[in-house]
Structure formats: C-alpha cells, structure tokens
Amino acid sequence: MFTSSKQYEQLARREMIKSGFIHLRKLSDTLQGSIWSGIHEVSNNEVVIKVTNKYLHSKSIHFTPENNKIKVHENILKEKGILKYLTNKSSTPRSIVRYMGFYTSKINYYLVMEHGGQGLFEFVVKAHELISRGQITISEWHKICKII
C-alpha cells in the first residue's frame with residue numbers, strides 16, 4: 001500500500017487539492033485517517049475535512065504504531081448520515097456544524113463539514129478556565145452542556 005504515513009498524507013492532500021480545497025492544514029490524526037482544515041476555493045467557505053481510509057473502515061480496524069491491529073467503532077458513513085440529517089433539520093442548533101459534502105477516491109472517504117471555529121476540547125478547556133476564575137458558575141456550564 002504505502003511505505004510511510006507521510007506518503008499517505010501527501011496523497012490525501014493532493015486529492016483534496018484536486019477537489020478544490022486550498023490552504024490545507026492537518027489538524028490531527030484519527031484512528032482511521034486524519035482531520036484537515038482548508039478553504040473551498042469556489043465557495044470561499046472555511047471547512048474541516050475528515051479523511052478516512054476505506055480499507056481500515058471496511059474492516060473496522062486501526063493499526064497501532066507497533067503494527068498491532070485493533071477493532072474500532074468508527075463509521076464515517078454513519079457519521080455522514082447523521083450530520084446530513086441534522087443539517088437538513090430546521091430545529092438543529094447552530095452550535096452543530098453543518099454537512100457540506102462527501103466524496104470518495106480509490107483509497108479514502110472525505111467528509112466535508114463547515115468549520116466550527118474551535119474544537120470541542122479547546123472549548124471545554126476554555127470553559128474550565130472561566131469556571132476556575134469565577135467568571136461562570138458550574139450551573140451555567142451545565143446549562144451550556146445541555147444545549148450542545
């Protein structure tokens with residue numbers, strides 16, 4: 001398949017560029033691929049693209065750095081369906097990112113979503129800082145959690 005993860009990453013980048021995305025920046029690795037931010041050149045929308053390897057997805061597996069195979073419960077096709085459903089529902093809060101598209105290549109699936117600003121982890125860290133400084137109460141934080 002590929003001799004290195006760098007080679008795989010370069011292929012994913014080329015495929016995203018070919019599909020009209022520019023200013024690509026890798027945000028993180030996932031169990032079956034990676035997450036990128038970029039701009040859709042035609043619409044000028046900021047996006048996040050989740051890239052998933054088709055082979056790993058089809059087997060529901062992940063290979064550790066030691067090359068051990070482990071079972072994972074990720075399913076980008078279900079994720080796409082849920083996100084698309086929520087995007088089309090008028091009652092979905094704006095705090096949920098919107099589905100923007102989905103495409104495939106010979107090797108990968110690409111789930112394109114609107115860029116939601118900061119990630120959930122960064123949001124939680126910031127909220128805990130505000131709680132520590134007494135700028136929001138824990139009960140206010142609980143209300144926010146119920147919304148998201």
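Q: Which residue does Lys6 meet in a salt bridge?
A: Lys6 pairs with Glu9 through their side chains, at 3.9 Å from N to O. A salt bridge here is a side-chain nitrogen of Lys or Arg within 4 Å of a carboxyl oxygen of Asp or Glu. One thing to keep in mind is that this is a predicted model, where local features need pLDDT of at least 70, side-chain atom pairs count only at pLDDT 80 or more, and totals for chains, interfaces and linings use all residues. Residues are numbered from 1 along each chain as its sequence is written, and side-chain values use heavy atoms, with hydrogens and water left out.

Q: Thanks! How many residues apart are Lys6 and Glu9 in helix α1?
A: They are three residues apart in helix α1, so about one helical turn separates Lys6 from Glu9. Helices (H or I, at least four residues) and strands (E, at least two) are DSSP runs, numbered from the N terminus.

Q: Is Glu9 buried or exposed?
A: Glu9 counts as buried because its relative accessibility is 18%. The cut-offs are under 20% relative accessible area for buried, over 50% for exposed, and partly exposed in between (1.4 Å probe, protein chains only).

Q: And what does Glu9 meet at 2.8 Å, N to O?
A: That is Lys26, in another side-chain salt bridge. This pair links distant parts of the chain, with Glu9 in helix α1 and Lys26 in strand β1, 17 residues apart. Lys26 has a relative accessibility of 28%, so Lys26 is partly exposed.

Q: Which residues are linked in that network of salt bridges?
A: The network joins Lys6, Glu9, Lys26 and Asp29.

Q: How many salt bridges does the count come to?
A: The count is four salt bridges. One of them is between Lys50 and Glu79, whose closest N and O atoms are 2.7 Å apart. Lys50 is in strand β3 and Glu79 in helix α3 (residues 76–88), 29 residues apart, and the pair links distant parts of the chain.

Q: What is the geometry for Phe21 and Tyr103?
A: Phe21 and Tyr103 are stacked, at 6.3 Å centre to centre with 10° between the planes.

Q: Nice. Where does the charged end of Lys80 sit?
A: The charged end of Lys80 is over the ring of Phe102, 4.7 Å from its centre. Lys54 likewise lies over the face of Tyr109, at 5.4 Å from the ring centre. The rule asks for NZ of Lys or CZ of Arg within 6 Å of the ring centre and within 35 degrees of the ring normal.

Q: Now the core. Which residues touch the most other members in the largest one?
A: In the largest nonpolar core, which has 14 residues, they are Met16, Phe21, Ile49, Val51 and Tyr110. A nonpolar core is a set of buried Ala, Val, Leu, Ile, Met, Phe, Trp, Tyr and Cys residues joined through side-chain atoms within 4.5 Å.

Q: Which elements give two or more residues to this core?
A: Those are α1 (5–18), β1, β3 and β7 (108–114). The most comes from α1, with four residues. There is also a second, separate core of seven residues, including Ile76, Leu83, Tyr109 and Leu111.

Q: Last one: where is Thr52, and what is it in contact with?
A: Thr52 is in strand β3 (residues 46–53), and is buried because its relative accessible area is 2%. Contact means heavy atoms within 4.5 Å. Beyond neighbours within four places in sequence, Thr52 is in contact with Tyr8, Gln32, His57, Ile76, Ile107, Asn108 and Tyr109. Thr52 and Ile107 are 55 residues apart in sequence, with 8.6 Å from C-alpha to C-alpha.

Terms used. Rings of Phe, Tyr and Trp (its six-membered ring) pair if their centres lie within 6.5 Å; planes under 30 degrees apart count as stacked, over 60 as edge-to-face and the rest as tilted.
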